[in-house]
Amino acid sequence: MQKECEIVGILQDKLKYKERLQYMKYYFPLNYTVTVQYEEVLRTSNVSRLRDEAITEPSLRYLWFHVSSQVVLKIRDVLPEQHPSWSYTQELCDLLEGLGVEYEKYKQGDMDIVVADLVKRIHDAEAGSNRKPVRPKALLDNCVKVMRMLYSTPWWTVFLL
């Protein structure tokens, strides 16, 4: 859990508003969008609804990890390596990959069925529902808001002290 907290702390630092604005808005053409599955737009309201359905916090974090990973990969995949945002998104991919190593320890049997179904749909392009165009910055904004909701400051700073 300590390693997970460290990675989330670094992610929070990398996903500061100023950097998201620079790399995901200013370096993209006006009104540029990335097409994602409906399930890949994870908002705080979705998490609140899932909490109301008694979904466990570890399952919600697992869902957030998968959604965030897929979103960052999709953004990176539309960029040529020479693009100014490519290295930034690659750093995010690397951090999320490190978090994935931590989540490999998570037992599949402990995951809520609702979350398991959502994760399966996210990774299976044909099983996903409708697709929608979303601006890259909006995708990362959602990622940050949900991360802050799931990894509240007291939770992860205990391990960084």
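Is N31 buried or exposed? Note that this is a predicted model. N31 is exposed, because its relative accessible area is 55%, and exposed here means over 50%. The residue sits in the loop that links α2 (17-26) to β1. Its backbone deserves a look. Phi of N31 is positive, about 60°, although N31 is not a glycine. For context, most residues other than glycine have a negative phi.

A54 lies in the loop between α3 and α4. A54 is not a glycine, yet its phi is positive, near 65°. With a relative accessible area of 58%, A54 is exposed.

In soluble globular proteins, nonpolar side chains tend to be buried together. Here the largest nonpolar core holds 44 residues. Within that core, L11, L15, L63, W64, I75 and L99 touch the most other members. Several elements each supply at least two core residues: α1 (2-14), β1 (34-37), α3 (44-52), α4 (57-77), α5 (86-103), α6 (113-123) and α7 (136-150). The top contributor is α4, which gives 9 residues.

Take L11 as a way in. Leaving aside residues up to four places away in sequence, L11 touches W64, L92, L95, L96, L99 and M147. Two of these partners, W64 and L99, are also named among the core members that touch the most others.

N31 and A54 are exposed, and each has a positive phi.

Technical notes
Residues numbered from 1 in each chain as written. Predicted model: local features only at pLDDT ≥ 70, side-chain atom pairs only at ≥ 80, totals over all residues. Heavy atoms only, no water. Core = buried A, V, L, I, M, F, W, Y, C linked by side-chain atoms within 4.5 Å. Buried < 20%, exposed > 50% of the residue type's maximum accessible area, 1.4 Å probe, protein only. Helix = DSSP H or I, 4+ residues; strand = E, 2+ residues; numbered from the N terminus. Contact = heavy atoms within 4.5 Å.
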